[in-house]
Amino acid sequence: MKIGILGGTFNPIHIGHINIAKAALQECNLDEIWFMPNGRPPHKHTPGNITNMERLEMVRLAISDNPAFKVCDIEINRKEPGYSYVTFQELHDLYKDQHEFYFIIGEDSFWNFTKWVKPEEICKYTRIIVAKRPNWTEQEMLIDKSTSVKCTDFDATIQKYKKMFHQDFIPLHVNEIDISSSELRRDIYNRNLLKKYIPANALSYIYKNNLYQIHHELYEIGEIDKKVKEALKTSRYEHTVGVMHTAANLAYAYEYPYVNAMIAGLLHDCAKCISDQERIEVCKSHRLTISDIEAKYPHLLHGKVGSVFAKEIYEINDEDILHAITWHTTGCPNMSILDKIIYVADYIEPGRDKAPRLDEIRHMAYINIDRCIYMILQDSVEYLSKNSDSMDETTLETYEYFKKLVEGKTNDN
Ligand SMILES: [Fe+2]
Ligand SMILES: [Fe+2]
């Protein structure tokens with residue numbers, strides 16, 4: 001068989017890698033692509049503190065839906081990382097009668113190829129496919145502080161290498177994905193890029209195992225916690241800590257980054273410490289709409305104002321966290337998973353003891369969060385209906401939404 005070998009750190013794997021593999025498979029008529037995560041010495045720090053096993057597992061999950069994609073663990077399982085020529089020698093020895101190998105390299109590696117350790121040895125055992133970026137322009141590429149290569153004529157360099165190494169160098173045109181693994185690691189709390197660029201089951205593995213969530217962020221929670229403690233009354237702060245821990249537990253249960261859930265929990269009531277008049281003023285100065293019911297009961301505004309405070313005082317820019325804080329009192333139709341976590345955590349945190357059937361609701365929170373929210377809304381609507389002018393529209397809309405979602409019907413049928 002014709003096998004393409006795609007090496008890399010894959011920390012984490014993303015669709016840029018997958019696209020190169022797909023293009024190589026099709027354009028070069030290969031039978032399979034083997035993703036080969038490279039090895040790292042055990043004492044060397046891996047960005048994000050990711051273990052070899054975790055990198056391997058992310059790759060395995062990301063490619064699991066394509067039968068032509070396989071994982072090759074030769075390099076990652078080596079005790080000491082070796083050079084590429086050793087890997088290809090080993091692959092050749094293992095599979096010489098069965099497979100022909102095609103080493104897929106990026107343009108950076110291509111221009112740099114003569115500087116690799118024993119490139120002629122690599123070329124003894126494998127053809128080279130060069131993934132060419134469409135937007136590459138002629139430039140000087142720095143290899144290290146003192147050495148640079150001129151990247152001037154791609155086709156001429158292909159021909160030059162062919163002669164020099166007596167091997168095929170095959171250009172492969174791939175649409176450029178403008179993303180790097182390091183950008184993705186930095187996005188772990190924002191998650192806007194992650195959702196877009198990491199295959200779903202690899203992403204779910206990242207969340208489930210809290211990969212890339214390092215102590216720095218936990219330290220940040222400590223800093224927010226200090227400020228919140230100073231701003232809130234003791235009883236409100238105790239409730240807040242209860243919500244934060246419950247939100248973390250729910251985040252684990254629903255595979256959501258627990259640090260984000262903790263920050264949202266910690267800040268959900270951060271606007272409880274000011275007066276009704278001040279809340280109205282914040283809304284006016286930020287041009288936030290105030291409904292009739294909110295004008296009558298301004299404490300209902302503490303979600304909206306809390307979101308403003310989270311952004312301006314606590315410097316939180318994550319839209320999901322801000323949204324969850326905004327809607328934590330009433331809920332809203334189409335809640336995100338974090339909205340649901342905070343809504344439920346606020347209701348069931350360990351300090352709560354007044355609401356009816358709390359045991360049942362706490363139990364349901366970890367089994368079916370939608371049904372749990374529906375139960376909370378049923379009780380809230382019943383409670384609020386005793387005083388009909390305190391019933392707000394959003395709570396009712398949310399109730400109808402979850403009723404339909406859970407029971408599959410509305411009031412009309
Ligand atoms: Fe609240
Ligand atoms: Fe609360």
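**Notebook: a predicted model, entry by entry**

I began with Glu315, which counts as exposed because 10 other C-beta atoms lie within 10 Å. The cut-offs I applied are these: a residue is buried if 20 or more other C-beta atoms lie within 10 Å of its own, exposed if 12 or fewer, and partly exposed in between, with C-beta atoms placed from the backbone. Glu315 sits in the loop between helix 15 and helix 16. Its phi is near 55°, a positive value in a residue other than glycine.

*Basis of the entries.* I note that this is a predicted model, in which local features need pLDDT of at least 70, side-chain atom pairs count only at pLDDT 80 or more, and totals for chains, interfaces and linings use all residues. Residues are numbered from 1 along each chain as its sequence is written, while chains are lettered from A and ligands numbered from 1 in the order in which they are written.

*Overall.* I looked up the secondary structure and found 20 helices and eight strands in the protein. Helices (H or I, at least four residues) and strands (E, at least two) are DSSP runs, numbered from the N terminus. The protein has 413 residues, of which 37% count as buried. Of the contacts between residues at least 6 apart in sequence, 68% join residues at least 24 apart; two residues are in contact if their C-beta atoms, placed from the backbone, lie within 7 Å.

Axes are lines fitted to C-alpha atoms, for helices over the stretch in contact, and angles run from 0 to 180 degrees between N-to-C directions. Helix 12 contributes Asn260, Ile263, Ala264 and Leu267 to the contact, and helix 16 contributes Asp320, Ile321, Ala324 and Ile325. By class, the contact has six nonpolar, one polar and one charged residues. Here Ala, Val, Leu, Ile, Met, Phe, Trp, Tyr, Cys and Pro count as nonpolar, Asp, Glu, Lys and Arg as charged, and the others, Gly among them, as polar.

*The sheet.* I traced six strands in an open sheet with the order 3-2-1-4-5-8 and parallel pairing. Two strands pair if DSSP finds at least two bridges between them. Strand 3 (69–71) and strand 8 (169–173) are the edge strands, each pairing on one side only. Neighbouring strands of this sheet are turned by 30° against each other on average, direction ignored. Strand 5 (residues 126–132) runs parallel to strand 8 and is joined to strand 8 by five bridges. Ala131 stands opposite Leu172 in strand 8. Helix 2 (residues 52–62) lies across strand 2 (32–37) and strand 3, and runs at about 160° to strand 2.

Pro12 belongs to the loop between strand 1 (2–8) and helix 1 (15–27). His166 lies in the loop between helix 6 (154–165) and strand 8. The phi of His166 is near 50°, a positive value in a residue other than glycine. His166 counts as exposed because it has 10 C-beta neighbours inside 10 Å.
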